Amino acid sequence: MLASAFILGLLGSFHCVGMCGPIAFMLPVDHNNSLKKVSQIFIYHVGRLLSYAIIGLIFGFIGKQFYLFGFQQQLSIVIGILMILFAIIPQKTLNSYSISKPIYRIISKVKSSLGKAFKKKTYDTFLTIGFLNGFLPCGLVYVAVFAAIASGNTASGSLYMAVFGLGTIPLMTTAIYFSQFLKGKARQRIQNLIPVFIVIIGLLFIIRGLGLGIPYLSPSPIHDHVSSEIECH
């Protein structure tokens, strides 16, 4: 599932560039010092990964509660269905029911803080910009959050989101250096692949939740193993 996190981040970063690209383009990096510029971009990405890891930690904890009550398999199936619905429902419909609407005030404060951070060029500024950037609403982040919930524990949820963030780094870095490179038909084609891949991930979660006894892909329910051991004894 970690591989799916990285690929989701990698493909999804074509969408992320459209959403967060302006932030990447406006980073107050030092264009006269290549080494300093690289370190500033690195710290920016560290900030983003940190925010993603925290988000994964929170939602992984929520998923753990379902696991403790024995609903992990049902949760995996529900998450898989939600992912598929997210991929096939038209974007305009999703926007009209945006889950970010109830927290617009918080988002407004995040954007305000970002505006202030752009006026500085210290290293902690790049960490702050990256950290705040990670909390801005994004459809692909929501999909990754679904997976973090289904992971069943805080560590796995945090790791899933962090690996998702790692997948976004190559293209986000390219956006900073070569903004023109990300335009054209190639970008559109890759964006068209994103819903397909989300559907595949959703199906994997559904299969995992069904407990078909397939090693690694769809393990048998825990209670089945326990019953088998009791019968053996």
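**Exercise 1.** Does F164 count as buried or exposed, and at what relative accessibility?

*Solution.* The model is predicted, so that local features need pLDDT of at least 70 and side-chain atom pairs count only at pLDDT 80 or more, while totals for chains, interfaces and linings use all residues. Residues are numbered from 1 along each chain as its sequence is written, and side-chain values use heavy atoms, with hydrogens and water left out. Buried means under 20% relative accessible area, exposed over 50%, and partly exposed in between (1.4 Å probe, protein chains only). F164 has 0% relative accessibility and therefore counts as buried.

**Exercise 2.** Classify the aromatic pairs that the structure holds.

*Solution.* Rings of Phe, Tyr and Trp (its six-membered ring) pair if their centres lie within 6.5 Å, planes under 30 degrees apart being stacked, over 60 edge-to-face and the rest tilted. The structure holds two such pairs. In one, the rings of Y52 and F164 have centres 5.6 Å apart and planes at 70°, so this pair is edge-to-face. It links distant parts of the chain, since Y52 belongs to helix α2 (residues 34-68) and F164 to helix α8 (residues 154-177), 112 residues apart; helices here are DSSP runs (H or I, at least four residues), numbered from the N terminus. Y52, at 4% relative accessibility, is buried.

In the pair of F131 and F135, the ring centres are 5.0 Å apart and the planes stand at 70°, so this pair is edge-to-face. F131 is partly exposed at 27%, and F135 is partly exposed at 33%.

Note on methods: Helices (H or I, at least four residues) and strands (E, at least two) are DSSP runs, numbered from the N terminus.
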